[in-house]
Amino acid sequence: MTPGARLQAAAEILDRIAAGAAAEQALLGWSRASRFAGSKDRAAVRDHVFDALRRWRSSAVVGGAETGRARILGLLRQAGTDPDTLFDGAGHAPAPLTEAERDAGAMPDGAAALDLPDWLLPVFETSLGPCLPEVAEALRHRAPVFLRVNTMLGRREAAQAALALDGIETAPHPLADTALEVTSGARRVAQSRAYAEGLVELQDAASQAVCAALPLTPGARVLDYCAGGGGKALAMAARLRGVIEAHDADPRRMSDLPARADRAGARLRVVSAPMGPYDLVLCDVPCSGSGAWRRSPEGKWRLTPENFAQTLKTQAQILDEAADLLAPSGVLAYVTCSVLTPENADQVAAFQARHPGWQVEDSRQFLPSDGADGFYYAVMRRGDLG
């Protein structure tokens, strides 16, 4: 496929997404119908689609319309690329621009300039204050690729050397001692020997920093209550060198976790009905995902005031349930991949109001502008133990 043909394919996929299709569904449908497209073509089309999703509003304003074609045009203009070099109709490229298209387009302002929904802008302003512009800008760009070194199998330097043999260059990241940022060859990671043998796992650097901050002690009984894919459970197992119990309300999310644990040499036990008491319960709760929207930008536009409110209720319910699973001196760790105060500090304060005696021992907000995803954690313990 020519560069122009890739843009045309992306524009058509964006129209399907605008009509209601999920991004992955739309991409899969195109891929199945386009057997002629090679792996590099599919990767390039995917990148164009996700670039447009990250800049869904601003690209439409700059492009002059809310269509896939206009959004691709807007992206080119934002990048300073002359659209006429690609909108030429040759080899399945987009048709040449009309005079109306040349005259259309404007500079976005307000929430559109930040690529945020209008209703969410006040929440972002209240939550982030002067950090809002840099956080919003970070969310408009592709996320770095991070790996967690499995210290049960090797040191960070050994992992770097092993990855380099497969053409993957990495650099240590300051947020966590186990974190490597992939600087070259990111698409080779899943086929690398280091990955296949469990020496490294894909995990954001801030997520690793959260796991490193948890007060794990030898012999502790630990539950990952909202395990999902299990990245944090595996990281905790590597630190604890003991058994981690993993649970999720939807067990299908953990379907490949046992295989990943075997590969990593981790001791993991999947439980359908957790039975306390536990020394530590990690609640990596469902959330807006606002801290990771550059990885999953579709979530930014699918979120509504109604499902945001429901998410807040779910978070509170999970905290209440988890507290009942803890030993009297146990630790409750609350985690989100959000940058929004209602999901973070406000949620913790509300829990404390419902459950007097719980004290926050440690907390931190990571922002995308720090270089990794946006994460929040709070470590709580009962303070009335005498």
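Two residues are in contact when heavy atoms lie within 4.5 Å. On that basis, residues 24 or more positions apart account for 70% of the contacts in the protein with a separation of 6 or more. The model is predicted, so local features need pLDDT of at least 70 and side-chain atom pairs count only at pLDDT 80 or more, while totals for chains, interfaces and linings use all residues. Residues are numbered from 1 along each chain as its sequence is written, and side-chain values use heavy atoms, with hydrogens and water left out.

The overall dimensions come first. The radius of gyration, taken over C-alpha atoms, is compared with a globule rule of 2.2 Å times the number of residues to the power 0.38. For 386 residues a compact globule would have a value near 21 Å, and the 23 Å of the protein agrees with this. The C-alpha trace spans about 75 × 50 × 35 Å along its principal axes. The accessible surface, from the Shrake-Rupley method with a 1.4 Å probe and, for residues, with only the protein chains shown counting as cover, comes to about 17000 Å², of which 53% belongs to carbon and sulfur atoms. A residue is called buried under 20% relative accessible area, exposed over 50%, and partly exposed in between (1.4 Å probe, protein chains only). By this criterion 51% of the 386 residues count as buried.

The secondary structure comprises 17 helices and 11 strands. Helices (H or I, at least four residues) and strands (E, at least two) are DSSP runs, numbered from the N terminus. Two strands are said to pair if DSSP finds at least two bridges between them.

L223 stands opposite V281 in β8, and the bridge partner of D224 in β8 is L282. Strand β8 also runs parallel to β9, to which 6 bridges join it; here D284 stands opposite V335 in β9. Strand β8 is mostly covered, with 6 of its 7 residues buried. In a regular strand the side chains alternate between the two faces of the sheet.

Helix α14 (residues 257-264) has L257, R260, A261 and A264 as its buried residues. These residues lie on the same side of α14 because they cover an arc of only 100° around the axis, the arc being that of the directions from the helix axis to the C-beta atoms. On the other side of α14, A259 and D262 are exposed. The buried residues of α14 pack against β4 (200-202), α13 (231-240), β6 (244-246) and β7 (268-270). After α14 comes G265, whose phi is positive, near 75°.

Most residues other than glycine have a negative phi, and most peptide bonds are trans. H92, in the loop between α5 (68-79) and α6 (99-103), has a positive phi near 70°; at 68% relative accessibility, H92 counts as exposed. D115, in the loop between α7 (110-114) and α8 (121-128), has a positive phi of about 55°, but D115 counts as buried at 0% relative accessibility. A cis peptide bond, with omega about 5°, joins G276 and P277, and P277 lies in the loop between β7 and β8.

G383 counts as exposed, at 51% relative accessibility. Leaving aside residues up to four places away in sequence, G383 touches G357, W358 and Q359. The C-alpha atoms of G383 and P356 are separated by 8.9 Å, although the two residues are 27 apart along the chain.
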